[in-house]
Amino acid sequence: MSVEKAVVIGSGPAGLTAAIYAARAALSPLVFEGFNAGGLIPGGQLMYTTEVENYPGFPDGVTGPLLMKAFRDQAERFGTRYIREDVNEIDLGKRPFVVKSDEHTVETHALIIATGARANWRGLENEQRLAQSGGGVSACAVCDGAMPIYRDQELVVVGGGDSAIEEASYLTKFAGKVHIVHRRDQLRAGKAMQERFFKLVDEGKMQPQWNSVVDDVLGDQFITGVQLKDVKTGDVRELPCRGLFLAIGHTPNTELVKGKLDLDDKGYIKLPNPGSSHASIEGVFAAGDVADHLYRQAITAAGTGCMAAIDAERWLAAQGIE
Ligand code: NAP
């Protein structure tokens, strides 16, 4: 079996940018682009986004799937090879590393992990239907909230953490009113974010719906409201709205490396040296949301994908592998 110079796991903006840079550095990268690992399809989270309006270079916006196709084609043009399978197992215990899918077993000197993270959803049938059809349900207010359809409308954000308050306050720039639906009567968000929340409530821009969970999402082509359930009394009520944004956390796709690489307490890959993509085992690099719980943007994922390829190239050169 010949040994690969660089294998990339993941085909979102991070993995494919790593592939573009690695391919141009003549590393002939092999990308395991996945099949449905973590409930994601090749291309990652952007495949579920309709309009991407904040990716630089696209003044008129671009759809997530088109953007990811462009990334993929660009990487292929410089010699990237793809395997459309999920990786089932990796062995980081010896070098070269071993990466296994159902049909392939590959050895590689450098390994770039860009398996991303998945937004947590309530898991309701109508929530998923309207999220996938672009019907006003999203897990990223920063990605989708500025669309004209949400202007001056009543919107709902679910969650009580920093993300929920940050996303909701972002939405107040456009929305008529933003309702925060939280399952308790106290926020999890930190002090600064709580202050922001209470100020916006005072200004009438935000309204809490305490002790409540979204029980169903209403609307055929487009969301018209949510059905809320009071977790204390069991009472059910309807709240009309034109947009629903979930902010109930993310789950990093690190099942493959659990117990093999150092992870932080939320399960994200730890990068021991700030500003570098090196993971806790030499020769392993991480890029994108799998190592980032804070920014989670396509452009930051692409940026760290670039870093991972450059770090891998330099590390390989230092090993005498060119
Ligand atoms: P988080 O802190 O884990 O908060 C998730 C929120 O969603 C919690 O309020 C939780 O309720 C609620 N939730 C979880 N599962 C739910 C379910 N099934 N149904 C209804 N509600 C549910 O996640 P996050 O807000 O995404 O933040 C992640 C990390 O990033 C945190 O460390 C945060 O501090 C950090 N962050 C910081 C900033 C900032 O400082 N600018 C911005 C964003 C994120 P409970 O409270 O009842 O558990």
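Hi everyone! Let's start with the ligand: the shell around it takes at least three residues from each of domain 1 (3–118 + 250–318) and domain 2 (121–246), with bounds from an automatic or database domain assignment. This is a predicted model, where local features need pLDDT of at least 70 and side-chain atom pairs count only at pLDDT 80 or more, while totals for chains, interfaces and linings use all residues. Residues are numbered from 1 along each chain as its sequence is written, and side-chain values use heavy atoms, leaving out hydrogens and water.

So, which residues come nearest to the ligand? Of the 18 around it, they are Asp162, Ser163, Arg183, Arg184 and Arg188; "around" means having a heavy atom within 4 Å of the ligand. Helix 5 (residues 162–171) gives the largest share of this shell, 3 residues. Helices here are DSSP runs of H or I with at least four residues, and strands are E runs of at least two, numbered from the N terminus.

Now some polar contacts, meaning N or O pairs within 3.5 Å. A polar side-chain atom of Glu166 sits 3.2 Å from a ligand nitrogen, and one of Lys266 is 3.3 Å from a ligand oxygen.

Finally, have a look at the open sheet of 3 strands, ordered 14-15-16 with antiparallel pairing; strands pair if DSSP finds at least two bridges between them. Strands 14 and 15 (residues 225–230) share 6 bridges, and Val214 has Leu228 in strand 15 as its bridge partner.

Key: A polar contact is a pair of N or O atoms within 3.5 Å; within protein, one must be able to donate a hydrogen and the other to accept it, and residues adjacent in sequence count only if both atoms are side-chain atoms.
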